[in-house]
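Subject: Structure handover

Hello,

Here is the structure for you to look through. Please open it first and then read the notes below it.

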Amino acid sequence: EEEEEEEGEVEPEYELDEDGNPLEDEDGNPILKKKPEPEPIVYAALYDNTVYFFENAQHCERFIHRPLPFIAVYHGKDQSYFPKVAVVGDIDLEEREHLARHVANTMNVVYISKDSIIQYIREHATGFDTGDLMASDKNYIEFVQHRLQCGDVRRQGYLLDDIPTTLNECSLLEDAGIVQDRVLFVGQPDDPCYHFLNEHHYHTLQKSLDKDTLWNINRDFVNYTNDLLLRKQQYDETIQSNRPAPIFDLGITPEVFQSKLGPLSTYCCVTFRDEDALCSTAFDVKHQFAIEYKGRYYTARSAETFNKLLNHPEFYCSDEVVLPSILPKKLKQSEDDLALKGYDPVFLKQPDNDEDEPFYPVMKKGNPRFVVSYGKKTFCFSNEANQELFLRRPWLYADAKLPKSMPVNREDQKLLPIIPYLEASLQKLLNRALKSLTDERPKYPFMSSHESALKYLALYLRKHNEANHPERQARVDKDMDEFLNACSLPLSLSSDDRHADENLESNIMTFQAISENRHPVPGSDMY
């Protein structure tokens, strides 16, 4: 009966005014009091001292069962100068772990190993199958990545013990953007992982327990890391003040570097701006001569150009500077579809700054080892120096053309008549020799002009013989110098200031020896 009474109708409640009388609407009916809305159901879970909220109970249950894949990446202010280091090596497990824990305690960072990751997951993720950790390297690195996003690591930094241990783990860590500031490798420097870490953007300190004590290794590595952390802090302060900052040894991954390159890519900004030339800096994989300015990376080729770039970033890092639409590309080797029939374009084209000087194109076949692709053409060069000249200013040589009179190969020369044969084999060299003869106009003492000219031509041809070995070349160079000096003796001995010449006595004795036929004509004893 009491229950029936309780379930009976409940008297309605009305809105009351200040005097306690019911309020009425426009029609004179009392206004019913609104019922309070029920409190919404909150689906939340606590993980690693952080509360996560969900839309429904199903999502909450999925998170509780396996939280790691759903944890959001931390997007707060990242104190990049917290230590991020690793200790790896092929030494005894207990020795390495002891060293790693010692270094972690000294740096006051979170010690992370494979065992500690498993333990952390078991403590903070109930019902999670830690056997998945060993299923593959990809799963393993995924758990490492999530562990590094936890609050204690973000507040203190971390030390990875024996992570990575294989080349695959090295690549997966790099792909995940996990880059250590410093790596301590303990053991012999012939390990593949050591070569990978040392050749990439990492800076590895290699030590051996046979040569160094635990205390010395710990001290050197801590100092090695602290130096970087100080420079990272200085880098952050410099960037925040909109000034250019060097990025050398900051652990920048190749992907990040490529994504933030300026308009000149990996070409030296100073060389392009000052010399109108291309100079690739791709060899500087550790960014020794690179800076960050207004969120972009710019490179230089040397210490000198780097200082210019650092001191005048507004000029060298201007957005108005744009690379040419066509860029040269060095190839390893090619013999197919070569432009200019494989002849070296540098020997065929006169540089712009030498237009006033006579130019004689040289027909020289290129070496298949020195090849450059430019636009739709592939050029071959006779040596590395000419290849580098082309790479710096390809637009100067790309339009080179072959002469109308092409050189004849050795087999075809035997079939030529005398005059065409001489034109094909000696025309260019004789032209240069005759041009030099008209410039010098030599007259050897007590020798006719005709004989002097023939002697000079003979010495010129000997001097420019490509078959000369070094000793013979030195000898013919000396003979040419002596011949020209002897030709200048009459003029020097008859000048008004001959007494001021320090070599006056020697010149007089040489002139007398020539007059008495006691001084052989230079080059007469060559054969």
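R147 and D152 meet through their side chains in a salt bridge, at 3.0 Å from N to O. The term salt bridge is used here for a side-chain nitrogen of Lys or Arg within 4 Å of a carboxyl oxygen of Asp or Glu. R147 counts as buried, at 9% relative accessibility, and D152 is buried too, with a relative accessible area of 19%. Buried stands for under 20% relative accessible area, exposed for over 50%, and partly exposed for what is in between, with a 1.4 Å probe and protein chains only.

Before the rest, a note on the source. This is a predicted model, in which local features need pLDDT of at least 70 and side-chain atom pairs count only at pLDDT 80 or more, while totals for chains, interfaces and linings use all residues. Residues are numbered from 1 along each chain as its sequence is written, and side-chain values use heavy atoms, with hydrogens and water left out.

The chain as a whole

The chain has 21 helices and 13 strands. Helices (H or I, at least four residues) and strands (E, at least two) are DSSP runs, numbered from the N terminus. Of the 527 residues of the chain, 38% count as buried. The chain exposes about 33000 Å², and carbon and sulfur atoms supply 49% of that area. Accessible areas come from the Shrake-Rupley method with a 1.4 Å probe, and for residues only the protein chains shown count as cover. Among contacts (heavy atoms within 4.5 Å) between residues at least 6 apart in sequence, 60% join residues at least 24 apart.

Side chains of opposite charge can pair when their charged atoms come close. The count comes to 15 salt bridges. One of them joins the side chains of R96 and D161, at 2.9 Å from N to O. R96 lies in helix α3 (residues 93-107) and D161 in strand β5 (residues 158-161), so this pair ties together parts that are 65 residues apart in sequence. R96 is buried, with a relative accessible area of 5%, and D161 counts as buried at 4%. R96 and D161 are also linked with D162 in a network of salt bridges.

K435 forms a salt bridge with D439, where the closest N and O atoms are 2.8 Å apart. Both residues lie in helix α17 (residues 418-440), 4 residues apart, which is about one turn of the helix. An α-helix has 3.6 residues a turn, so residues three or four places apart point the same way. K435 is partly exposed, at a relative accessible area of 31%, whereas D439 counts as exposed at 51%.

Two helices

Which residues of helix α12 are buried? In this helix (residues 303-311) they are T305, F306 and L309. Seen down the axis of α12, the buried residues fall within an arc of 105 degrees, so they line one face of the helix. The arc is that of the directions from the helix axis to the C-beta atoms. The face turned away from the buried side carries the exposed residues E304 and N311. What covers the buried residues of α12 includes β9 (290-293), β10 (296-299) and α13 (313-316).

Helix α21 (residues 504-515) has 12 residues and reaches 17 Å from its first C-alpha to its last, close to the 16 Å expected at 1.5 Å a residue. The expected span is 1.5 Å times one less than the number of residues. The buried residues of α21 are L504, N507, A513 and I514, and they pack against α19 (470-487) and α20 (489-493). α21 is followed by N517, whose phi is positive, near 60 degrees.

On the surface

V42, L46, V51 and F53 form a nonpolar patch on the surface, with about 460 Å² of accessible area together. Patches are made of residues with over 30% relative accessible area and no salt bridge; like charges are joined within 9 Å, and nonpolar side chains (Val, Leu, Ile, Met, Phe, Trp, Tyr) within 5 Å. L46 lies in strand β1 (residues 43-47) and is exposed, with a relative accessible area of 66%.

Regards
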